[in-house]
Amino acid sequence: MLTDRFLRTTIPWAEKTEILINELTSINPEIKVDGIDRILDFDEAKQYIQWADIVVASADDYAYSTHLINTSQQLDRPCLCVIPTGLWAQVHFVLPKHSNINFMESIPRFETYEEIKEFYKSKMFRYGVKDRYYDSGRWRKEIYQDYLDSGFSVPQIGPLVQLVSSLGALQIVNYITGKGEVVHSPRYWVIDRGSKIYINNAY
């Protein structure tokens, strides 16, 4: 079971893109997939967001995802957020004219990717996510200490990544069909300690 982090660190971008395209077209040979084998800058990303029905922010770089989420909301595009780490995960939509990701994460609102990136490197942020990473995510004490000291991030747990990805995909089905509940900010799905799944509220 390959996670995105494994693919990113062991397979070149072009090959990773080809793998994902092959997987998608093997499921549905009639679909068209435009693959981009590099990281888009934000001006390029904005052009894709403008015509997208749904944006899925799932970059390995959390600051990049956060900036995409904010940009999607500014452009009135729904954005799905799937955030796993250790045995903890969060899944929800950020919709136009609803609570933004900054409110959800209790972080300041920054205008640029560089500002977001620097904040996520700060001790203030790293200490602030102890309940998520250490308590609920069940990181080992020494791993969390390494994260506090250097920003080291533990690799994802494959089965949990697959679980929350499936939950996110189901939320997209609910959004498109209107047949099921769409959990959106300030509410969000939580997987806690790898054993509990429930809907929480950021208020």
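Two strands count as paired if DSSP finds at least two bridges between them. Helices (H or I, at least four residues) and strands (E, at least two) are DSSP runs, numbered from the N terminus. The model is predicted, so local features need pLDDT of at least 70 and side-chain atom pairs count only at pLDDT 80 or more, while totals for chains, interfaces and linings use all residues. Residues are numbered from 1 along each chain as its sequence is written, and side-chain values use heavy atoms, with hydrogens and water left out.

An open sheet of mixed pairing is formed by 5 strands in the order 1-2-3-4-5. Strand 1 (55-57) and strand 5 (196-201) are at the edges with a single partner strand each, so one side of each has no neighbour in the sheet. From one strand to the next, the twist averages 20°. Strand 3 (residues 88-94) pairs with strand 4 (residues 187-192) in the antiparallel sense, over 3 bridges. Gln90 has Val190 in strand 4 as its bridge partner.

Helix 4 packs on this sheet, where it touches strand 1, strand 2 (79-85) and strand 3; contact means heavy atoms within 4.5 Å. The direction of helix 4 makes about 160° with that of strand 2. Axes are lines fitted to C-alpha atoms, for helices over the stretch in contact, and angles run from 0 to 180 degrees between N-to-C directions.

**Helix 4 and helix 6**

The axes of helix 4 (residues 62-74) and helix 6 (residues 113-121) come within 9 Å and cross at roughly 135°. That makes helix 4 oblique to helix 6; angles under 35 degrees count as roughly parallel, over 145 as roughly antiparallel, 65 to 115 as roughly perpendicular and the rest as oblique. On the helix 4 side, the contact residues are Tyr62, Ala63, Tyr64, Thr66, His67 and Asn70, which meet Tyr113, Ile116, Lys117 and Tyr120 in helix 6. The residues of this contact divide into 6 nonpolar, 3 polar and 1 charged.

**Backbone features in loops**

The peptide bond from Ser185 to Pro186 is cis, with omega near 10°. Pro186 lies in the loop between helix 10 (158-177) and strand 4.

Conventions: Nonpolar A, V, L, I, M, F, W, Y, C, P; charged D, E, K, R; others polar.
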